[in-house]
Amino acid sequence: MLTCLLSYQAYADPVSTNQDARVILAKVLANRPTKDFSLKARLFVGQDDPVMVEILVKNTPTETRTIYHGGQTHALVVQPVKGEPGFYLKGVGELTGARRTEKLLGSEFSYYDLALPFLRWPNPKMIDPDDRVRGRDCFAIEIAAEGEPYARVKIWIDKEYYALLRAEAFDKDGNLVRRFAVTSFKKIGEAWVPRGLEAAILPPGQSLPNQQKSRLEVYEGDYGTQLPTEWFAVEGFGANASGGNATH
C-alpha cells in the first residue's frame, strides 16, 4: 500500500468540490516525490515487540521503486507511473496471482496494498464531495474492478493536499474485508510522509471489534539522499538471491 509511502510535496491546492474523480486521483498520483529518500520505522504486529523496518525509495521520472527490509524479509515493489506494479521477494522472485496478497512480515500490510494499485483502477466514482476524516475535508471516491483481490475500494482524499487518508476494501459480496488509515504525518526534508499507518483485516461476517490490526510508525528519515540504482535491480530479488542482509 506504500509504493512511495503516500508521500506528497508540501503545497496546498485551492479547495474545490466540483471536480471529477479521475481528475482528483490524477492529482494524487502526480503528487509523488521527485527525490530518493529513506525511512526507518517500527512495525507493530499483535502483542509482540515491534519489528524494525528500513524503507528505501528510488524515484525516477517513469517509476518508483521501494525496498522494505526487516528481519529476514527483503522485498521490492516496482510502481511505474503508468502500468501495473511488480512485486519481488528476495529468495522467492516475482510474486504473482494470490502471492501478491501475502503479508509483509506477518502484518496486515500486504505486498499488493503497498503499491496502492486501486488508485489507478479505471472509472472512479465520486460518492461524496464533502466528507470528513479525522477533522479534514475529503473527497469520498469509490472504485471497482474485476480480476483484482478486491471487488471495490472506497477511498478518502484530503481536499487540500490531495493525500490518501483512508481506504476500505470490499469483497464481491459487499463485505468490508480490509481497512487502511493514515493516523498522522511527519515532515522529512521537503516532503511530508505518514508518520502513523494502520492496516486492519475484518473476516467476512465478523464485527469491527474482531478486526486484526497492524501499525507502522515512521520515526526517522532522510529526504534527498542518493540511493544507488543497483540496489533496486529486480535481478537482486530473484529466487536464487540470498536474503536477510541489508541492501547496503
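**A strand and its hairpins**

Guide: β4 and β5 form a hairpin with two residues between them, and G71 in the turn has a positive phi of about 60 degrees. Strands here are DSSP runs (E, at least two residues), numbered from the N terminus. This is a predicted model, in which local features need pLDDT of at least 70 and side-chain atom pairs count only at pLDDT 80 or more, while totals for chains, interfaces and linings use all residues. Residues are numbered from 1 along each chain as its sequence is written, and side-chain values use heavy atoms, with hydrogens and water left out.

Strand β5 covers residues 73-80 and runs antiparallel to β4, joined by eight bridges; two strands pair if DSSP finds at least two bridges between them. Within this pairing, T66 stands opposite V77 in β5.

β4 also pairs with β3 (residues 51-59), in the antiparallel sense and over six bridges.

As for burial, eight of the eight residues of β4 (residues 63-70) are buried, so the strand is largely enclosed by the rest of the structure. Buried means under 20% relative accessible area, computed with a 1.4 Å probe on protein chains only. Both faces are covered: E63, R65, I67 and H69 are buried on one side, and T64, T66, Y68 and G70 on the other.

How values were computed
Buried < 20%, exposed > 50% of the residue type's maximum accessible area, 1.4 Å probe, protein only. Helix = DSSP H or I, 4+ residues; strand = E, 2+ residues; numbered from the N terminus.
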